[in-house]
Amino acid sequence: MTPSELKEYLKQRKEIVDAELLLRLPKLPPELSILEEAMAHSLMAGGKRLRPILCMAGAELMGAEPESVLPTACALEFIHTYSLIHDDLPAMDDDDLRRGVPTCHVKYGEAAALLAGDGLLTEAFDIIADQARTHDPGTVLKAASMIARASGVWGMVGGQVADMRAEGLTGLQAGDIEFIHALKTGALITVSLASGALLAGAGEEELAAVEGFGKKIGAAFQIADDLLDIEGDTETLGKPVGSDQAQGKATYPSAVGLEAARSKAKDLINEGLEALKSFGREAEPLRVLAVYIINRSK
């Protein structure tokens, strides 16, 4: 798969996901219109849709149609968007711009933003349950449990706590940053890929290989994000640059320097590709996507 073919692949998958997200957004009564608008504002503002695309790629890896896991793929984007809404709140990162538009609390107020995030998170698991219409309920339950763990205190929520506790601390080592990244970003990226593969029939060895790849690219993705916060621009990224440094965030470049961070991201990608060595051409989209992660501009 060439870079141009990957671009088309991502474009097509994003269009599929965006159309399904619109259908999955709850249609609320007029009395709750602010909640519906706030949820839609953040969910449909754009974004790479990396997590749902990874879920679909996990299914493809096992020979299934990507659309077969679309409910779970969309649920993962609901969860990711909820996390962005809450991360942007004044009590946490206090950001005014996300995906090129005002953050949810800036447009609708803090209370509505909090509840919009809550709404997206809880709707996500209702959507995952819908996957049982077409898949073995026991497998869907296992996927839901994996996603809950990766989203909660053992994953993304725990990572956010660790990230906030590390703000302003000096002398943090690479291992400290890696712990934060593995929970805050890596866990949801890994489970996105793994849940798609699981729903498509992956066995234990296949699932272990997929998770190994997911962990490596998740770590590389966050390092790339850290670098973009230093070297990117607001218009391209759709969010303020330099905010990590301004807030004293624990980032990989701050711990090891820019060049070492770039080198580490490349090493992680190579290790991730090694985890896929047992797969054939069906893993080609993931191999190309891995390289894209550290070469992206947003």
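## L54 and its partners

Let's start with L54. In this predicted model, and leaving aside its neighbours within four places in sequence, L54 is in contact with I189, S192, L193, I217, L286 and L289.

## The nonpolar core

L54 also stands out in the largest nonpolar core, which has 82 residues. The residues with the most contacts inside that core are L54, I217, F279 and L286.

## Helix α4 against helix α6

Next comes helix α4 and its packing on helix α6 (residues 110-130), where the axes are 8 Å apart and the angle is about 160 degrees. Angles over 145 degrees count as roughly antiparallel, and α4 is therefore roughly antiparallel to α6. The crossing of the two helices is left-handed.

On the α4 side, the contact is made by P71, T72, A75, F78, I79, T81, Y82, I85 and H86. The α6 side brings A113, L114, A116, G117, D118, L120, L121, E123, A124, F125, I127 and I128. Sorted by class, the contact of α4 with α6 has 15 nonpolar, four polar and two charged residues.

## Helix α4 against helix α8

Helix α4 (residues 70-87) also meets helix α8 (residues 156-166); here the axes come within 12 Å and cross at roughly 25 degrees. An angle under 35 degrees counts as roughly parallel, so α4 and α8 are roughly parallel to each other. This crossing is right-handed.

The residues from α4 are I79, Y82, S83 and D87, and they meet M156, V157 and Q160 in α8. By class, this contact divides into four nonpolar, two polar and one charged. I79 and Y82 of α4 take part here, and I79 and Y82 also belong to the contact with α6.

## Helix α14 against helix α15

The last pair is helix α14 (residues 258-275) and helix α15 (residues 284-295), whose axes come within 10 Å and cross at roughly 170 degrees. These two helices are therefore roughly antiparallel to each other.

Which residues make the contact? The contact of α14 with α15 has six nonpolar and two charged residues, with no polar ones.

Key. Residues numbered from 1 in each chain as written. Predicted model: local features only at pLDDT ≥ 70, side-chain atom pairs only at ≥ 80, totals over all residues. Heavy atoms only, no water. Axes fitted to C-alpha atoms, helices over the stretch in contact; angles between N-to-C directions. Helix = DSSP H or I, 4+ residues; strand = E, 2+ residues; numbered from the N terminus. Parallel < 35°, antiparallel > 145°, perpendicular 65-115°, else oblique. Left-handed = near helix turned anticlockwise from the far one by under 90°. Contact = heavy atoms within 4.5 Å. Nonpolar A, V, L, I, M, F, W, Y, C, P; charged D, E, K, R; others polar. Core = buried A, V, L, I, M, F, W, Y, C linked by side-chain atoms within 4.5 Å. Buried < 20%, exposed > 50% of the residue type's maximum accessible area, 1.4 Å probe, protein only.
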